[in-house]
Amino acid sequence: MAADTQTANLDELQAKLERLTLLYEINRDFHSTQDLAELMPKVFEDVLKAMNCEGGSLWMWDDDAKMITCENAFGPGSENVKGLKLPKGTGIVGWVINMKKPTIVKDATADKRFAGTTDQKTGFVTKSMICVPLLTQAGVLGAIQVLNKKGDTGQFNDEDLELCKVMAENAAGAIVNARAYESEKTARERIQVFNEFNKAQSTTLDLDKLLDIILKRVVTILDAVAGSIWLRQGGDLLAKVAVGPTAGKLVGAKVGVGTGIVGSVVQKKAPVIVEDTSKSELFSGKVDDATGFKTKSLITVPLIHQDEAIGAIQIINKKKDDDWFTKDDMDLLSSLAGLSTSAIKNATLYEVERKAKDLSILLDISKEVSSNLDMDSVLVTVVNLTNQVVPYERAAMFVKNENKYDLRAVSGAAKIDKADPAIMALDNAADAIDKDLYIADAEKYLAEGGGIAAVKDYLKQAGIASFYARVLADDQGPLGMMTMESKNKDFVQPAQMEMLTILANQITVSIRNAELYKSVPMFSGFGKGATLKKVLVGGAIALGVLAGLGALLWFPKVEHRLGGQVDIEPIVRNKIYAKESGILDKVHFREGDTIKVGDLFAELSQQDMEQEKLKIQTKREIARQSYLRSVGLSNMAEARMKEAEIAQADREMSNLSNKMENTRIISPHEGQVLTADLPQKVGENISRGAVVGDVVDLSKLQVKFGVPQEQIRYVAAGQEIRFKVSSYPTRTYTVKIERIGMEGSTQEDKTIYNVYATIENADRTLKAGMSGRGKILAGKQRPFQLLMEEPVHWMRMNWQW
C-alpha cells in the first residue's frame, strides 16, 4: 500500500515537472521569435499533447468588422475551420471574448452558449472545452479553445485551465510584440516607399510624364496588373494615362462625374475597394465586355487637393491569380494618392502657365509676321523665333514655286548654301512631301518598310532623331512648307502641336498677303504745280496770324489753364504678407475684388509639409509601438525613452501644424485688391515676409497732376483741377490742390513736379492706376501774355543776365 502511494506521488510529481517544463518551454518559445505563423502551430501541438485533448483553435477579434476569425486550428477537420468568420458574440468563444472571462465546459451540448457552427462545418463532435480570452492592457485580442479531454473522465480540470491561462497570457504578449514589430517594420518600409515615390514624382513638371511615373510606381508597389489615372475636365473624367493589357483602348476615354465606380469615387470623394468583382453590385463589367479583359479585384481612390476632387487612381487585379486587394492595399493607395495630388496640381498649373507663355510668344510672333509684308523677313522671323515654343535644332521655311518648294530661310543662317549636301537633301525631301508629316522616331521610320525615300535619305544625311513638316496651304492651294528637326525623339508634344497649327495658319495668311502686296502698283508723286499752291496758302496763313496777334493785345483776361497728365493713386496701399515660405498654390481673389478682414486671400502648397507630417506620424507610431512592447516586456527604461520620443514627435507635430496653418494667407485689411495677374503667380516660390498682395480703400483716392518746373510758379494750394480719365471721357471731375511736391522727377528730359488732391469715390467708378488729362485753373491773364509766356521765359533764361 505504501509502495502504491509512493508511486502515485512520484507520478504526480513527474506530471507537475512535465507541466512546469512545458510552461518554461512555452514562455521561452513565445519570446524567441516574432513569427507567429511559425510559432503558434508548434506551441499548440505541445499544449494539446500535454493536456491530452483532441483538438484546439485560436480565434482573433476584428474590432472594425465586429467579427471573430479562426487563425489556427488543430485536430480532425481543422482545415475546414481555418479562416472561418463568426459574428460578434457567436458561440462560447464569442461569449468569452465579450465577457473577457475564461470558462470550462463539461458538456457542450447542454450549454446554451454552444452554437455548434464549427461542428457542422467539420463533422467534429465537441464534448468538453476550455476557452480562455487573450487579454492585454489595451483590451481583448481573441481567445484560445481546447476541445475534448482524452482519458477515462473526458473532463478538463483546474490544472488544465491554469495551463491554458499561461498559454493565453504568453500568446497575448507575443501577439502584441509581433504586431508592434510588424507595424514598425511596415512603417519603415512605407517611409522608404514614400521617399522613393516622392523622389520619382519630383523629377518632372510635365503633366503627362508625371502621371505616367506615378501610375507605374503605384502599380509596381501594389503588385497590380493594370491601372489608370483619371483627371477632371468640367463635368467629365478623362483617362489621361493607363498601363496594362487594355491601356491603348482606355487612354482618352471619358466618363461623367458620378458615373461608374471612377465617377462615383470622385463625386463622393471616398475610396472604393471591390475585393471580388463577381460578388459586387458596384462592378458592371461593361469595359471588360468591350476589351476582353477580366477584372477580378480593383481599388479606386480619389485625388483630393484642397478638398477638391481633381480625379482618381484605379488599379486592377493582383498579379497572383488567387490574390485579391485588401483594406491595407486601399490605405496604401490612398496615402500614395495623397502624396501625388499636390504634384499633379502643380504640374497642371505649370502646363496652363506654359500654354499661356507659349500663346504669348505665339502672339508676339504673329504680330511680327502679320505686320510685315516683306515675305523673306516673315520667313526669317518664323524660323528664328518659333524655337521659343518648340525646342528644335533647325527649322526651315519653303515657298511654293510652281511644282517645286523653294528653300527661303533656315534658322541661324544669314545665307543659305544651296551647295551644302544636307541642304540639298532637305530640299529634295520637301519636294517629296505632299501632306503634313511627323516622324517621332527617325530610327524606327528608317527601319520600317515604305515611307518617303527622299525623307529617309535626309534623315540619314542629317543624323536626326525626329522630323516635322507642315504644309502651309489655304483654299487656293499650297503656299509653302515649314520643317523642324531635333536630335531628341518625339520633340513635338501634343500641346506644342496645337501651337504649331495656330502658327501655321498665321504664316499662311502672311505669305498670301505678302504675295498680294507685291502685285499692287505704287504711286510716287502728285504732279506739278505743288510749289505755287504752297506759296499762296502760306501767305494767307501769315496774314491771318498777324491779324490775330493784334486782336490778342486788346482781348479781355481769360483763365490761365495749365494742362498735364493726371494719375489716380490709392492714398494708402496696405500689404498682405506671407508668414511662411513655399509655393503659391491657390489664390482666392483677383484684381478689383472686394476683400474683408479675415478673408482667406491665398494658400501656399502643403505638399512638403504633408510629407513631413507623414514622417512625424510614422516616427511617432514606431515609438508608440515600441513603447507598448517595452511595457509588455516590463522594460521600463526603454519605455521611458520611447515616451520621450513620442513627446518630441508631438512637439514637432505642433510646430508643423502652426506652419501649415500659416500657409493660409489671411487678409488683415479691408478694401479692393490692387495686385494684377494674381492667378498667374500660382506656382511661384514665395519667401517668408514677401508681399503677396496689395489692398487699397477705393472710397477715397489721390489725384496726382504733373506740372513742368517752368509752370510750377503759377500753381498754389486751393486752385482747382478739372480732369477727365480715359475710361470716362464724357465725365469731368473737379478737385482742389492740397499740396505741392517738393522733389521733382525727370520725365522725357523735363523736370516734373507733382501736385496732389483728394477725391471722394463713393460709387467706386475710379480705380487706382487710371490716368487721363487735366487742367489747373491758375488765375486769369490776357491771351497775349499766355501766348508769349514760353518765348519770354526762354529769352530771360538765355539772354537776360
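Trainee: Where is R764 found?

Mentor: R764 is found in the loop between β32 (750–760) and β33 (771–781), where strands (E, at least two residues) and helices (H or I, at least four residues) are DSSP runs, numbered from the N terminus. Please keep in mind that this is a predicted model, in which local features need pLDDT of at least 70, side-chain atom pairs count only at pLDDT 80 or more, and totals for chains, interfaces and linings use all residues. Residues are numbered from 1 along each chain as its sequence is written, and side-chain values use heavy atoms, with hydrogens and water left out.

Trainee: And what is the phi of R764?

Mentor: R764 has a positive phi of about 60°, although R764 is not a glycine.

Trainee: Is R764 buried, exposed or partly exposed?

Mentor: R764 has a relative accessible area of 31%, so it counts as partly exposed; buried means under 20% relative accessible area, exposed means over 50%, and partly exposed is in between, with a 1.4 Å probe and protein chains only.

Trainee: What about N148, what is its phi?

Mentor: The phi of N148 is near 55°, which is again a positive value in a residue other than glycine. N148 is found in strand β6 (residues 139–149), and N148 counts as buried because its relative accessibility is 2%.

Trainee: Which loop holds A138?

Mentor: A138 is found in the loop between β5 (129–136) and β6, and A138 is exposed, with a relative accessible area of 81%. A138 and V176 are 38 residues apart in sequence, and their C-alpha atoms are 9.8 Å apart in space.

Trainee: Changing topic, how do the axes of α12 and α14 cross?

Mentor: The axes of helix α12 (residues 421–432) and helix α14 (residues 453–462) come within 8 Å and cross at roughly 155°. Axes here are lines fitted to C-alpha atoms, for helices over the stretch in contact, and angles run from 0 to 180 degrees between N-to-C directions. The two helices α12 and α14 are therefore roughly antiparallel to each other, a term for angles over 145 degrees, while under 35 counts as roughly parallel, 65 to 115 as roughly perpendicular and the rest as oblique.

Trainee: Which residues make the contact?

Mentor: On α12 they are P421, A422, A425, L426, N428, A429 and A432, and on α14 they are A454, V455, Y458 and Q461, with contact meaning heavy atoms within 4.5 Å. These residues divide into nine nonpolar, two polar and no charged; Ala, Val, Leu, Ile, Met, Phe, Trp, Tyr, Cys and Pro count as nonpolar, Asp, Glu, Lys and Arg as charged, and the others, Gly among them, as polar.

Trainee: Which residues of α14 are buried?

Mentor: They are A454, V455, K456, Y458 and L459, and these buried residues pack against β13 (394–401), α12, β15 (437–439), α13 (442–447), β16 (466–474) and β17 (477–486). Just after α14, G463 takes a positive phi of about 65°.

Trainee: One more, where does V707 sit?

Mentor: V707 is in strand β27 (residues 700–708), and V707 counts as buried because its relative accessibility is 1%. If we leave aside its neighbours within four places in sequence, V707 is in contact with I712, V715, T751, I752, Y753, V755 and I776.

Trainee: And how many helices and strands are there in the protein?

Mentor: There are 19 helices and 33 strands in the protein, and buried residues make up 42% of its 801 residues.
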